[in-house]
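Open your viewer and get ready to select residues. We will go from the whole chain to single side chains and back to the loops.

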Amino acid sequence: MIDVIPRRNSLSPGLLGQRKPLGVVGGMGSLATAKFLEVLARKSRVERDQDHIPFICLSVPNIPDRSQAISIGSDAPLLHILERAYWLEKAGCGAIAIPCNTAHLWATEIKQALSVTLIDMVEITRQAIEDSRGSEAHNLRSISLGTSASMQNGLYARPNENAFGKQFFRSLTKLQHEAIKIIADVKSGNITDAQDNLTRLVHAARSFDPDKIILACSELSAICGDIADDNDIVDPINILADACIDWWAAERQTSGHVG
């Protein structure tokens with residue numbers, strides 16, 4: 001028998017260790033959050049449970065719809081996101097990750113409000129694309145598939161008529177409609193139809209011969225399967241997981257931790 005551990009009002013240093021864990025603002029949506037955590041675990045490539053990245057995930061999903069709010073000029077989701085991020089800060093997290101693309105339309109405001117690092121999924125995805133293209137990055141022809149807010153506000157890139165031609169712009173509304181329907185199906189649990197429709201949507205986007213197709217909604221990342229392995233597909237959830245692993249490795253070196 002062991003003595004009962006006394007209850008505390010806050011997380012103890014003994015529980016967290018000397019290094020601050022990653023904080024994850026989840027619930028946007030729940031399956032997308034679960035996908036990110038799965039990818040983070042798979043990519044960590046460690047041999048023992050004890051070597052995985054410690055994280056605190058706060059998945060309280062009653063955050064107003066991000067895309068809808070942006071369409072009417074509301075910042076209501078931002079207030080909810082910051083409330084959760086502050087909670088994670090207070091819990092002792094050393095950096096914050098938000099596995100939701102559309103939420104990053106408020107990335108500047110979130111960074112200004114936090115006292116710890118926001119691992120900016122959009123910023124690091126843009127950088128990863130540039131790094132992969134080298135000198136050709138400035139002439140990149142990319143298509144983003146995501147929420148109406150992310151596509152209409154050019155979250156990753158705003159395609160221009162000179163790059164894709166008039167036929168693409170005549171089809172853009174249909175591409176947006178199909179992406180929004182797939183996202184809604186994922187959120188409601190209609191996964192089989194969503195996966196079939198995503199395959200068709202990617203095929204339709206490829207008909208315009210883009211250099212890159214960006215899965216600009218984490219619901220799409222959650223169901224993309226082997227599509228994410230294709231050379232022309234960019235999955236920000238994968239890139240965010242890599243960046244979180246890099247952050248943790250840098251923290252290890254800073255703290256002088258060995259083993």
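**Before you start**

This is a predicted model, in which local features need pLDDT of at least 70 and side-chain atom pairs count only at pLDDT 80 or more, while totals for chains, interfaces and linings use all residues. Residues are numbered from 1 along each chain as its sequence is written, and side-chain values use heavy atoms, with hydrogens and water left out.

**Stop 1: the whole chain**

Show the protein chain as a cartoon. Its secondary structure comes to 12 helices and 7 strands. Both kinds are DSSP runs, numbered from the N terminus: helices are H or I with at least four residues, strands are E with at least two.

Of the 259 residues, 47% count as buried. Buried means under 20% relative accessible area, exposed means over 50%, and partly exposed is in between (1.4 Å probe, protein chains only).

Contacts come next; a contact means heavy atoms within 4.5 Å. Take the contacts between residues at least 6 apart in sequence: 70% of them join residues at least 24 apart.

**Stop 2: the sheet of four strands**

Select β1, β2, β3 and β4. In what order do the strands of this open sheet lie? The order is β2-β1-β3-β4, with parallel pairing. Two strands pair if DSSP finds at least two bridges between them.

Look at the edges, β2 (55-58) and β4 (117-119). Each has a single partner strand, so one side of each is left without a neighbour in the sheet. From one strand to the next, the twist averages 25°. Such angles run from 0 to 180 degrees between N-to-C directions, with axes fitted as lines to C-alpha atoms.

Zoom in on β1 (residues 22-25) and β3 (residues 95-97). They pair in the parallel sense over 3 bridges. Leucine 22 stands opposite alanine 95 in β3.

**Stop 3: threonine 33**

Select threonine 33 in helix α2 (residues 30-44). Is threonine 33 buried or exposed? Its relative accessibility is 3%, so threonine 33 counts as buried. Show its neighbours, leaving out residues up to four places away in sequence: threonine 33 touches Gly26, Gly27, Met28, Cys57 and Pro99.

**Stop 4**

Select β5, β6 and β7. These 3 strands form an open sheet in the order β5-β6-β7, and the pairing is parallel. The edge strands are β5 and β7 (233-234), each of which pairs on one side only.

Stay on β5 (residues 142-146). Here 5 of the 5 residues are buried, so the strand is largely enclosed by the rest of the structure. In a regular strand, side chains alternate between the two faces of the sheet. In β5, Ser142, Ser144 and Gly146 point one way, and Ile143 and Leu145 point the other way.

Now follow the bridges. Serine 142 has lysine 212 as its bridge partner in β6. Isoleucine 143 has isoleucine 213.

**Stop 5: lysine 212**

Select lysine 212 in β6 (residues 212-216). Lysine 212 is buried yet has no salt bridge. A salt bridge is a side-chain nitrogen of Lys or Arg within 4 Å of a carboxyl oxygen of Asp or Glu. Which side chain of opposite charge is nearest? It is aspartate 232, 7.2 Å away. Lys and Arg count as positive and Asp and Glu as negative; His and the chain ends are not counted.

Now show asparagine 231. Its backbone oxygen lies 2.8 Å from a polar atom of the lysine 212 side chain. Leaving out residues up to four places away in sequence, lysine 212 touches several others, including Ser132, Leu140 and Val234.

**Stop 6**

Most residues other than glycine have a negative phi, and most peptide bonds are trans. Look for exceptions.

- Methionine 28 and glycine 29 are joined by a cis peptide bond, with omega about -15°. Glycine 29 lies in the loop between β1 and α2.
- Arginine 45 has a positive phi of about 50°. Find it in the loop between α2 and β2. At 75% relative accessibility, arginine 45 counts as exposed.
- Aspartate 209 has a positive phi of about 55°. Its loop runs between α10 (191-206) and β6. At 57% relative accessibility, aspartate 209 counts as exposed.

Technical notes. A polar contact is a pair of N or O atoms within 3.5 Å; within protein, one must be able to donate a hydrogen and the other to accept it, and residues adjacent in sequence count only if both atoms are side-chain atoms.
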